[in-house]
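Welcome! Here is a short briefing to read alongside the sequence and the 3D view.

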Amino acid sequence: TRVSLLTGCMPLRFGAIDSWKQLAVVEKTYPNLGGMPSSVPQLGKLMQQSGRRTGHFGKWHVGFERTQFQPKAMGFDEFTLHIEPSLTSRSGEFQFISQTTEPGQTEILDVDFLDSEYARRVIDFIQRANADGVPYFVNFWPLTPH
């Protein structure tokens with residue numbers, strides 16, 4: 001679904017049958033389809049090209065382990081995502097990665113509710129863009145739908 005939203009294409013076209021972090025499974029099942037080529041139009045890049053400040057907040061799971069599929073490379077100026085300890089936990093300590101964390105580092109926060117933390121960051125992003133008079137695009141993928 002996330003691949004569809006970012007590209008407007010069927011995920012199977014790029015071998016997205018599972019989270020791309022499970023690359024070995026994808027490559028075994030669909031050889032040569034381990035991610036989308038950079039030539040495919042992507043929502044974040046299109047929004048950047050139209051002059052918008054772009055932000056992504058929430059789940060990612062479209063290949064963060066590979067540089068070419070990280071939010072920055074896919075057109076998001078700002079981003080925050082978490083490393084999941086489990087799909088059932090919504091509160092407690094989480095490890096966050098953002099455009100400001102050093103490669104291989106995380107920010108550890110104890111949150112009351114994960115999606116509230118993301119919503120707080122989305123609101124901050126929007127307020128800063130409005131204060132700067134910059135058009136913006138926000139991609140918000142909360143964990144709650146699970």
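A residue is called buried when its relative accessible area is under 20%, exposed when the value is over 50%, and partly exposed in between, using a 1.4 Å probe and the protein chains only. By that definition, both Glu117 and Arg121 are buried. This is a predicted model, in which local features need pLDDT of at least 70 and side-chain atom pairs count only at pLDDT 80 or more, while totals for chains, interfaces and linings use all residues. Residues are numbered from 1 along each chain as its sequence is written, and side-chain values use heavy atoms, with hydrogens and water left out.

**Overall picture**

- The protein contains four helices and five strands; helices (H or I, at least four residues) and strands (E, at least two) are DSSP runs, numbered from the N terminus.
- Along the sequence, these elements follow the pattern α-α-α-β-β-β-β-α-β.
- Of the 146 residues in the protein, 40% are buried.
- The accessible surface is about 8000 Å², and 53% of that belongs to carbon and sulfur atoms; such areas come from the Shrake-Rupley method with a 1.4 Å probe, and for residues only the protein chains shown count as cover.
- Among contacts (heavy atoms within 4.5 Å) with a separation of 6 or more, 48% are between residues 24 or more positions apart.

**Strands side by side**

- Two strands pair if DSSP finds at least two bridges between them.
- Strands β2 and β3 run antiparallel and pair over four bridges; one of the links to look for is Thr80, whose bridge partner in β3 is Ser98.
- Strand β3 also pairs with strand β4 (residues 107-111), in the antiparallel sense over five bridges.
- In that pairing, Gln95 has Ile108 in β4 as its bridge partner.
- Strand β3 (residues 92-98) is largely enclosed by the rest of the structure, because five of its seven residues are buried.

**Glu78 and its partner**

- Glu78 belongs to strand β2 (residues 78-83) and counts as buried, at 13% relative accessibility.
- Setting aside neighbours within four places in sequence, Glu78 is in contact with Arg53, Thr54, Gly55, His56, Gln99, Phe125 and Arg128.
- A salt bridge is a side-chain nitrogen of Lys or Arg within 4 Å of a carboxyl oxygen of Asp or Glu, and the side chains of Glu78 and Arg128 form one at 2.6 Å, N to O.
- This pair links distant parts of the chain, with Glu78 in strand β2 and Arg128 in helix α4 (residues 114-132), 50 residues apart.
- While Glu78 is buried, Arg128 counts as partly exposed at 31% relative accessibility.

**More salt bridges**

- How many salt bridges are there by this rule? The count comes to six.
- Arg121 and Glu107 form a salt bridge, with their closest N and O atoms 3.5 Å apart.
- Here too the pair links distant parts of the chain: Arg121 sits in helix α4 and Glu107 in strand β4, 14 residues apart.
- Arg121 is buried at 12% relative accessibility, whereas Glu107 is partly exposed at 29%.
- Arg121 forms a salt bridge with Glu117 as well, and the closest N and O atoms of that pair are 2.8 Å apart.
- Glu117 and Arg121 are separated by about one helical turn, because they are four residues apart in helix α4.
- A network of salt bridges links Glu107, Glu117, Arg120 and Arg121.

**Aromatic rings**

- Rings of Phe, Tyr and Trp (its six-membered ring) pair if their centres lie within 6.5 Å; planes under 30 degrees apart count as stacked, over 60 as edge-to-face and the rest as tilted.
- Searching the whole structure gives six aromatic pairs.
- Trp60 and Phe76 make an edge-to-face pair, 6.0 Å centre to centre with 85 degrees between the planes.
- Trp60 and Phe76 both lie in the loop between β1 (53-58) and β2, so their pair ties together parts that are 16 residues apart in sequence.
- Trp60 and Phe76 are both buried.
- The rings of Phe125 and Tyr136 are also edge-to-face, because their centres are 6.3 Å apart and their planes stand at 90 degrees.
- Phe125 lies in helix α4 and Tyr136 in strand β5 (residues 136-141), so this pair ties together parts that are 11 residues apart in sequence.
- Phe125 is buried, with a relative accessible area of 0%, while Tyr136 is partly exposed at 29% relative accessibility.
- Phe57, Phe125 and Tyr136 are linked into a cluster by ring pairs.
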